[in-house]
Amino acid sequence: MSTITATASPVITADARSHAFAHARIMLRRNLKHMQRYPSLTLMVMLMPIVFLLLFVYVFGGTLGSGLGGGMPAGMHGGRSAYADYVAPAIILMAVVAAAQGTAIAVAQDMTEGIIARFRTMAVARSSVLTGHVVGATIQTLIGVVAVTGAALAVGFRPHANVAEWFAALGVILMLTCAVTWLCVGLGLSAKSVETASNSPMFLMLLPFLGSGFVPTSSLPTVVRWFAEYQPFTAVNETLRGLLTGTKIGDNLVITIAWCVGVTLVSYVWSRRLYEREPKAK
Amino acid sequence: MNTATYETAGARTVAAIAARGLHKSFGEKTVLDGIDLTVEQGTILALLGPNGAGKTTAVHLLTTYLRPDAGEIRVAGQDPEKNPQAVRRAIGVTGQFSAVDGYLTGRENLKLMADLHLLPAAVGRRRAAELLERFELVEAGDKPASSYSGGMKRKLDLAMTLVGDPKVIFLDEPTTGLDPRSRRTMWDIIRGLVAEGTTILLTTQYLEEADQLADRVAVLDGGRIVAEGTPAELKARIPGGHIELSFADRTALDAAATLLDATGRDDDALTLQLPGDGSVSTLWTLLNRLREASIEVTSLAVHTPDLDDVFFALTGRKGA
C-alpha cells in the first residue's frame, strides 16, 4: 500500500546537539550583521559610560577625589587623578549594564519581527535565537569595555594589575556580562513593547550609583548604606577595583561569583520559558 | 500498518495534511470549534472565509506554531504533538505577516534559510541566486528587505519558504494587499509549485482566488467548516444563475413585470431578475416573448453562480 512513510526516526541527541550548535552560530552571525549594519545602538551604549566617565572625572572629580578622605581605600590620595582610579571600575560596570540594556531592546525588537514566527515553524534548535543574542551581546559588551577602559586610561586611570589580575578582571567582567545579559534577554522577552524593554533595565543603571562605585559606602546615609553594602554591584565593584588597583577584595570575589551564577541561572531558565511559551495569537 | 495513512473513499490517494476535530480557544473565545481537513498529496486546498473565521489559527495549528486544545493532526505522515521537528522539516510556511529579516538583504535572507537547513555554503549560494532569478528579485537582491515593496516582500517570503524544498506548503493569505499584477504573478508561482508535486494549503478571503487555484475548497465560518468540495461542486449547490434585464423606462419595466415571472425587480435601476441558467434556448424563448409583446429591452446580462453566491448561500453574508 502506498503511504507517506512515517520515518519517525527519533532524532539522535548528539545530532540534535550539533544542530543546536550550528544554528546558534548562524543566529550569532545574524545578530552581528544587525549590529554592524545598524551601529547606532552599539554606539549609544558605548558612548554613555564614556560621557559619565568624563563628567565624573572632570566635573565632579576634583571635589569627590578630595572628599574620598578617610573613606578612601588605603594607598589612594585625594584629587582628580585619585578619583579617576576610584571611579574607573564603576564606569566599566556601567558599560556592561548599558550594553545589556541595548540587548533588552534588541531582543524585544527582534520578537516583533515576523522572522521569529518563521523560525518557530522551522526545524531550528529552539535555544539558538537566544544564544545568538547573548553571544552577540557579549562580543558587543567586550568592545564597549575595551573602549571605556581606553578612555579611562586616557583621563588618568592608572591600574597596577599584573597579567593574572587582568585576566581575573576579565573573568569577573564576563561573569557579570553573562548574568545581566540573560537577565535583560528575559526583560526583553517579557516586555509588551520595545519602549517597555528599554525602560525596564533602567534599575540596573542605578545600581552602580547606589553602591561603592562612585563614593565610599561609609559616606552614605544609613538606609542607603545598608542597601549599598548588600547589593551585588558593590561586591562586583570592590572585586574589580581590587584586581585592577590593588585595594582589599576580601570575600567580595566569592559574593560576586555567587550573585553572577545565581542571576545567570534564574534568568536563563526564565528566558527559555518565556521564549518557549505559546506565542499569542495575532 | 502506518497510522499516517488517510485514504479517501475509493481512491488510493494519500493525505499530505489531515486533521480531525481541531479545537482551539483563546481564553473565553472559541476560534476553532471542531474542524476536519484533508489535503491530498499534490493538490491545493483553499481555506476560504471572512476575517476572523479562524483561518490563520488553523494554519498555526497545522504548522506547529500553536498547539490544539483537542484534535488530531498528521502532516506529511507526522504527528506534530509527538514529533514537531519532523513536521517542521517537511513543511514550508508563508504567514500572513511578512516573515523576512528587514535588516538583511534579500539574498542574505535566502542564505540564512539555506544555512538553517544546513545546506553546504555553495549549494546555499546557488539556491539563493536561483530563487532571486525565479521570483524576479535579482535587481533588489542586495538591498535590505526593509526597503522592499509589499509585493516584493511577499515574493521574498515565499522564496524563503522554498529554500528547504518543502513537500507541504502553507500559505496564509498569500495575496492579501497585493496589486492585481503581483497577484497574477503569485498565482502563477503557486500553480508552478503544484505542477512539481507540492501539496499546498492556502487561506484566502478572495472567492476568485479559491476558484482560480484550488482543487478543493473548504469554507470556514465562525470556527466551523460549513461546506467542502471542488469549486464546481460548491457552485452546483446553489440553485442556478439568473438573468437580468434592463429597461429604458418605467412603462417597459411594468409591462415586462406583468408578462414574466420575475424573482426580483429594482425600480430605481429599472431592472428585472428572472430565474434561468442562461442556456441559449432559455434566452431565445425569453427574447421572443418580449418581442411579441413589443417590449424594448436595453440590455441583458446572464449571471452564472460564483463562489460569492455560494458563500452568501452558506453563511447568509456577502463574501469579501
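pLDDT is the predictor's confidence in each residue, on a scale from 0 to 100. The model here is predicted, so confidence comes before geometry. Chain A has a mean pLDDT of 86, with 89% of its residues at 70 or more. Chain B averages 87, and 93% of its residues score at least 70. For the complex, the predictor reports an ipTM of 0.81 and a pTM of 0.80.

Among the elements of chain A, helix 1 (residues 13–37) has the lowest mean pLDDT, 85. Helix 6 (residues 163–190) of chain A has the highest, 95. Residues 1–12 of chain A fall below 50. Beyond near neighbours in sequence, that stretch has 21 contacts in the model. In chain B, the lowest mean belongs to helix 11 (residues 307–315), at 73, and the highest to helix 3, at 96. Residues 1–12 of chain B stay under 50 in pLDDT. The model gives this stretch 19 contacts beyond four places in sequence.

Next, the interface. Chain B puts 36 residues into the contact, and chain A puts in 28. On the side of chain B that touches chain A, strand 1 (15–26), helix 2 (84–90), strand 5 (91–94) and helix 3 each supply at least two residues. Helix 2 of chain B gives the largest share, 4 residues. By class, this side of chain B has 18 nonpolar, 12 polar and 6 charged residues.

Helix 3 of chain B also has a partner within its own chain. Helix 3 (residues 106–116) packs with helix 4 (residues 121–134) of chain B at an angle of about 135 degrees, their axes 9 Å apart. That angle makes helix 3 of chain B oblique to helix 4 of chain B. The crossing is right-handed. Helix 3 of chain B contributes B:G106, B:R107, B:L110, B:K111, B:A114 and B:D115 to the contact. Helix 4 of chain B answers with B:G124, B:R125, B:R127, B:A128, B:L131 and B:L132. By class, this contact has 5 nonpolar, 2 polar and 5 charged residues.

Now the sheets. Strands of a sheet pair through backbone hydrogen bonds, either parallel or antiparallel. One open sheet of chain B has 3 strands in the order 2-1-4, with antiparallel pairing. Strand 2 (29–40) and strand 4 (70–75) of chain B stand at the edges. Each has a single partner strand, so one side of each is left without a neighbour in the sheet. Neighbouring strands of this sheet are turned by 15 degrees against each other on average, direction ignored. Antiparallel strands 1 and 2 of chain B are joined by 9 bridges. B:A19 stands opposite B:L37 of strand 2 of chain B. Helix 1 (residues 55–62) of chain B packs on this sheet, where it touches strand 1, strand 2 and strand 4 of chain B. The direction of helix 1 of chain B makes about 120 degrees with that of strand 1 of chain B.

A further open sheet in chain B has 4 strands, ordered 11-12-10-13, with antiparallel pairing. Strand 11 (264–266) and strand 13 (299–303) of chain B are its edge strands, each pairing on one side only. From one strand to the next, the twist averages 20 degrees. Strand 10 (residues 242–246) and strand 12 (residues 271–275) of chain B run antiparallel and are joined by 5 bridges. One bridge pairs B:H242 with B:P275 of strand 12 of chain B.

Technical notes. Residues numbered from 1 in each chain as written. Chains lettered and ligands numbered in written order. Predicted model: local features only at pLDDT ≥ 70, side-chain atom pairs only at ≥ 80, totals over all residues. Axes fitted to C-alpha atoms, helices over the stretch in contact; angles between N-to-C directions. Parallel < 35°, antiparallel > 145°, perpendicular 65-115°, else oblique. Left-handed = near helix turned anticlockwise from the far one by under 90°. Contact = placed C-beta atoms within 7 Å. Nonpolar A, V, L, I, M, F, W, Y, C, P; charged D, E, K, R; others polar. Pairing = 2+ DSSP bridges.
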